[in-house]
Amino acid sequence: MRVLLIGNGGREHALAWKLADSPRVTALYAAPGNPGTAQVAENLPNISANDFDGITSFVRNNTIDFVVIGPEDPLAAGLADRILGMGVKVFGPTRDAARVEADKWFAKELMRQQSIPTAEARSFTDASAAEEYVRRRDEPVVVKAAGLAKGKGVSVCYRPADAIEAIDQFMRKRVHGDAGTRVVIEELMTGPECSILAFVDRRNIYLMEPSQDHKPVDDGDTGPMTGGMGAYSPTPVVTDAVLRQIERDILVPAVDGLVREGIEYKGVLYAGLMLTPSGPSVLEFNCRFGDPETQPLMMRLKSDLLEVMLAVAEGRLEHATLKWDPRPALCVVAASRGYPGKYPSGVPITGIDKADSIPDVKVFQAGTRADGKRILTDGGRVLGVTALGTTTAEAQRRAYQAMSQIQFDGMHYRRDIGWRAVGKT
């Protein structure tokens, strides 16, 4: 099959790396791709993930058989609908289905209708009304931009003054653009978080191995929220019993609710959960693979990724079987100085090849670009250094050993990724 992968992040490098292993893939393209995807695919640097005309022209002119859409933005804008309209198979939900991520209030309403456990919340399009609400509550809340904000439109606020500042940033100053036109204000829940990703083909749900990511930028889960500073799989906080509960009480009713709305969900459904004292509760739904959860998951996946993606696209997921490496995998993200705020770009990176040469290590490139033979930084999250180990502690040691081979000016990474699992898995 001739396959086109959309996107240019660390998630897409990991997906390309795994798709390239399939014996059925005769040609693999990445639009626009990055220096990492160029290792296993032909990049299309002049076609961005949101260039629908460029993408559809390439699909038509190059007899592409299958399109895999990585990022949320083109999914929310309806790229899957465009590809399906051409009669070409696609992996990724339609625009209506992608609303589970693109519109947090739509997701909240879906959860309410289906009695899915989640935090109590209110929605506001008027900043003054939102501020008055948090003043009256006078208790910790979470303020979220309702639209797509690259994982950064969330502010945990322990004081009303913090919530008022977040509302001002999101709604008036528009630090996340149109994503902050509406905000959702939730009660603050407590407990460990986990990420549960599942393949969904409208009728069937196939859970992947559980994972856990680290959102705050600094050690000890401190500092501003980011798109993710690291992740590992599996996680000891998700037992088999908890996983069955998540499937029964969260994923099945969510997919059933979408069907009742006349929405056929085909792709990956990502549930970001908090394991509260009263049980698993939904923090957010995403309409695509997580980043950086994808990196350790692809390291552990032993099955043919193309085959399971085709099973999703063709509505025959019940016949798919996934096999996983029993060893834990752990990913540490190297970020640019200043991320998730302003950061420099074009900084030379050295040592990627040295890190890649360590057994059971793969450096997935995210915010990078090529300048001749040099690799330069080109984003906030630059690299995802990922390793397998017989235990989480060994995977952690190997990932940090590989990270020590890599240098670029201003490189920042957390030194405690996986701390909850060390000694337990």
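Hi everyone, thanks for coming. One thing to keep in mind throughout: this is a predicted model.

Let's start on the inside. How many cavities of 30 Å³ or more does a search of the whole structure find? The search finds two. The largest cavity holds about 70 Å³ of space. Its lining is made up of Val100, Glu101, Lys104, Ala107, Lys108, Met111, Lys144, Glu186, Leu283, Glu284 and Phe285. H5, H6 and E17 are the elements that each give two or more residues to that lining, and H6 gives the most, with four. If you like to think in residue classes, the lining of the largest cavity has six charged residues, five nonpolar ones and no polar ones.

Since H6 has come up, let's stay with that helix for a moment. H6 covers residues 104-113 and is mostly covered, with seven of its 10 residues buried. Which residues of H6 are the buried ones? They are Lys104, Trp105, Phe106, Ala107, Lys108, Leu110 and Met111. Among the elements that cover them are helix H5 (99-102), helix H9 (240-260) and strand E17 (279-286), and strands E6 (121-124), E7 (141-145) and E9 (183-187) also take part.

Now the second largest cavity, with about 30 Å³ of space. Here the lining residues are Ile69, Leu75, Phe91, Gly92, Pro93, Gly267, Val268, Cys287, Arg288 and Phe289. By class, that makes seven nonpolar, two polar and one charged. Phe91 and Phe289 from this lining also belong to one aromatic cluster together with Phe199.

That takes us to the rings. The structure holds eight aromatic pairs. One of them is Phe124 with Tyr133: the ring centres are 5.2 Å apart and the planes stand at 45°, so this pair counts as tilted. Are these two residues buried or exposed? Both Phe124 and Tyr133 are buried. Another tilted pair is Tyr400 with Tyr413, at 6.1 Å centre to centre and 35° between the planes. Tyr400 belongs to helix H13 (residues 392-403) while Tyr413 is in the segment after H13, so the pair ties together parts that are 13 residues apart in sequence. Tyr400 and Tyr413 are both buried.

Around it you will find Gln39, Pro348, Ile349, Thr350, Gly351, Ile352, Asp353, Gln365, Lys373, Arg374 and Ile375. Strand E19 (348-349), helix H12 (352-356) and strand E22 (374-377) each supply two or more of the lining residues. The classes here are four nonpolar, four polar and three charged.

Finally, two single residues. Gln295 is part of helix H10 (residues 294-300), and with 2% relative accessibility Gln295 counts as buried. Setting aside neighbours within four places in sequence, Gln295 touches Gly10, Arg11, Ala14, Gly290, Cys331, Phe364 and Thr386.

Met274 sits in strand E16 (residues 266-276). Why does Met274 count as buried? Because its relative accessible area is 7%, and buried means under 20%. Beyond neighbours within four places in sequence, its contacts include Met189, Thr190, Gly191, Pro192 and Glu193, along with Gly279, Pro280, Ser281 and Leu283.

That's my tour, and I'm happy to take questions.

Technical notes
Residues are numbered from 1 along each chain as its sequence is written. This is a predicted model: local features need pLDDT of at least 70, side-chain atom pairs count only at pLDDT 80 or more; totals for chains, interfaces and linings use all residues. Side-chain values use heavy atoms; hydrogens and water are left out. On a 1 Å grid over the protein atoms alone, a cavity is a set of points where a 1.4 Å probe fits but cannot get out, and a pocket is an open set with protein on both sides within 12 Å along at least five of seven lines; lining residues have an atom within 4 Å of a point. Ala, Val, Leu, Ile, Met, Phe, Trp, Tyr, Cys and Pro count as nonpolar, Asp, Glu, Lys and Arg as charged, and the others, Gly among them, as polar. Rings of Phe, Tyr and Trp (its six-membered ring) pair if their centres lie within 6.5 Å; planes under 30 degrees apart count as stacked, over 60 as edge-to-face and the rest as tilted. Buried means under 20% relative accessible area, exposed over 50%, partly exposed in between (1.4 Å probe, protein chains only). Contact means heavy atoms within 4.5 Å. Grid points are joined across faces, edges and corners, and a volume is the space filled by probe spheres set on the points.
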